[in-house]
Amino acid sequence: MPRRRSPPYVLTASKFFPPMPKSDAMTDTSSCASDAPENRALSAAQARERMMAEVIPIVGHEFVSVRSSLGRILAADIIAPHDVPAHDNSAMDGYAICFDSLSASGETPLSVVGTAFAGNAFSGLVGKGQAVRIMTGAVLPAGADTVVVQEVTRLENGVIFVPTGQRLGQNTRRAGEDLMHGAVALATGKRIGPAELGLIASLGIAEVDVKRRLRVAFFSTGDELSSIGNPLAPGEIYDSNRYTLHGLLTRLGAEIIDMGVVPDQPAALEATLAEAAQVADAIITTGGVSVGEADFIKETLAKLGQVKFWKLNIKPGRPMAFGKVGNAWLFGLPGNPVAVMVSYTQFALDALLRLSGLDPIPERPLLTVQSANVIKKQAGRREYLRGQIVAVDGQWQVKTTGNQGSGVLRSMSEANCFVVLAEDCAGVQAGDAVQVQLFDGIF
Ligand code: AMP
Ligand code: MG
């Protein structure tokens with residue numbers, strides 16, 4: 001059909017990917033091997049563990065300016081080149097004094113001998129019986145060890161009166177209190193957010209050594225898929241998964257390579273996978289992983305590389321192939337749009353983060369809240385429903401968002417969390433405690 005993308009290359013898969021040695025049991029997908037490890041449905045925990053054990057971070061890195069490092073991952077430790085703060089300074093507006101000047105029994109009069117501003121220090125000495133007016137951030141003058149806040153003092157004719165009850169060192173910030181010269185300010189593997197940008201700038205560092213971006217190629221598979229801009233023929237649907245993945249991978253900070261739509265033809269799939277493996281660290285496909293006639297991702301993957309597993313004991317997203325083509329990791333996600341988002345966020349995401357160099361991979365918190373509605377479920381597999389957390393009478397509750405079909409993207413769009421029901425859960429009554437995973441932070 002003319003609108004289908006014909007691959008703009010002539011590479012053949014075999015040229016780049018000689019058959020894997022058959023001694024690797026993982027590659028055997030013949031029917032008599034239905035009991036082979038990759039044919040078993042793994043639990044979510046097993047699948048995650050397998051993926052995380054397999055993938056290792058990419059090694060390339062580059063130097064970028066501080067601002068451009070937002071969202072990037074550090075490729076080397078950032079060492080403090082000086083103490084932060086660099087000098088003892090005042091944490092408040094007030095008077096810098098020598099604590100020994102204060103009388104234990106009553107108000108102490110101190111004569112004000114000067115002013116210290118942030119960026120314009122008082123160069124003299126604060127002697128006994130003296131005080132220097134000081135602003136927040138100003139360097140603590142020599143001789144002073146304590147700051148008395150302005151509000152508790154009384155000023156008369158150049159003399160302040162300080163009440164009892166002051167503590168040695170109060171309202172001061174010590175040099176090196178944030179970071180000592182030579183300390184690791186930020187460790188390799190840290191993702192740079194707004195706080196890190198500020199911290200790096202506070203060290204006077206202009207260029208940051210970050211991991212190169214992860215290169216992720218992706219494409220949709222399916223004869224029924226049409227691209228936006230074309231009218232839909234009977235039986236066709238628009239390809240939405242590539243747009244969702246565009247969003248997910250852009251949020252991840254990856255360099256994305258959109259390879260379009262590939263028809264359900266083994267030769268086209270082989271050629272596209274081969275091309276993708278040449279240019280990417282990871283490949284994400286959607287569709288073609290269930291056991292239907294045209295579901296051939298697994299077969300092609302086994303032919304070109306290795307299938308580690310392709311069946312998960314979850315809903316939605318039961319079929320999900322994980323394997324390797326050449327040096328690229330392959331995540332063969334299901335076709336259904338919601339299943340794409342579930343399998344990406346629950347499995348592919350952390351593997352991609354590890355590949356990108358993030359270390360440690362953050363725990364994803366599950367929060368316990370009350371279910372506002374009944375949820376039907378049979379025990380045996382883990383389920384991810386789309387939910388909306390709402391405050392009811394000061395208490396957080398979650399309600400599921402309408403039709404939970406794995407093709408219904410609206411249920412994702414209306415949701416702000418996944419309701420995660422464990423394998424042994426056999427249904428939920430309104431008011432039962434359930435676990436939710438907030439979307440914030442996963443995409
Ligand atoms: P499959 O996994 O290929 O059997 O696809 C499962 C379901 O997801 C089918 O109803 C497909 O039409 C649908 N689907 C597959 N790929 C896409 C896509 N890229 N965009 C939207 N729906 C899709
Ligand atoms: Mg399909």
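Tutor: The largest nonpolar core has 47 residues, of which Leu245, Leu249, Ile284, Phe331, Tyr344, Phe347 and Leu352 touch the most other members. A nonpolar core here is a set of buried Ala, Val, Leu, Ile, Met, Phe, Trp, Tyr and Cys residues joined through side-chain atoms within 4.5 Å, where buried means under 20% relative accessible area (1.4 Å probe, protein chains only). Elements that each supply at least two residues of this core include helix 2 (44-54), helix 4 (241-252), strand 17 (282-286) and helix 7 (337-356); helices (H or I, at least four residues) and strands (E, at least two) are DSSP runs, numbered from the N terminus. Helix 7 gives the largest share, 12 residues. Tyr344 is in contact (heavy atoms within 4.5 Å) with Leu245, Leu248, Leu249, Leu252, Ile284, Leu333, Leu349 and Leu352, leaving aside neighbours within four places in sequence. A second, separate core of 23 residues includes Ala217, Ala302, Leu304 and Ala321.

The model is predicted: local features need pLDDT of at least 70 and side-chain atom pairs pLDDT 80 or more, while totals for chains, interfaces and linings use all residues. Residues are numbered from 1 along each chain as written, chains are lettered from A and ligands numbered from 1 in the order written, and side-chain values use heavy atoms, without hydrogens and water.

Around ligand 1 there are 16 residues (a heavy atom within 4 Å), and Glu224, Asp239, Ser240, Asn241 and Gly288 come nearest. A backbone N or O atom of Ser240 lies 3.0 Å from a nitrogen atom of ligand 1, and one of Gly335 lies 3.2 Å from an oxygen atom of ligand 1.

Notes. Polar contact = N/O pair within 3.5 Å; in protein donor to acceptor, adjacent residues only side chain to side chain. Buried < 20%, exposed > 50% of the residue type's maximum accessible area, 1.4 Å probe, protein only.
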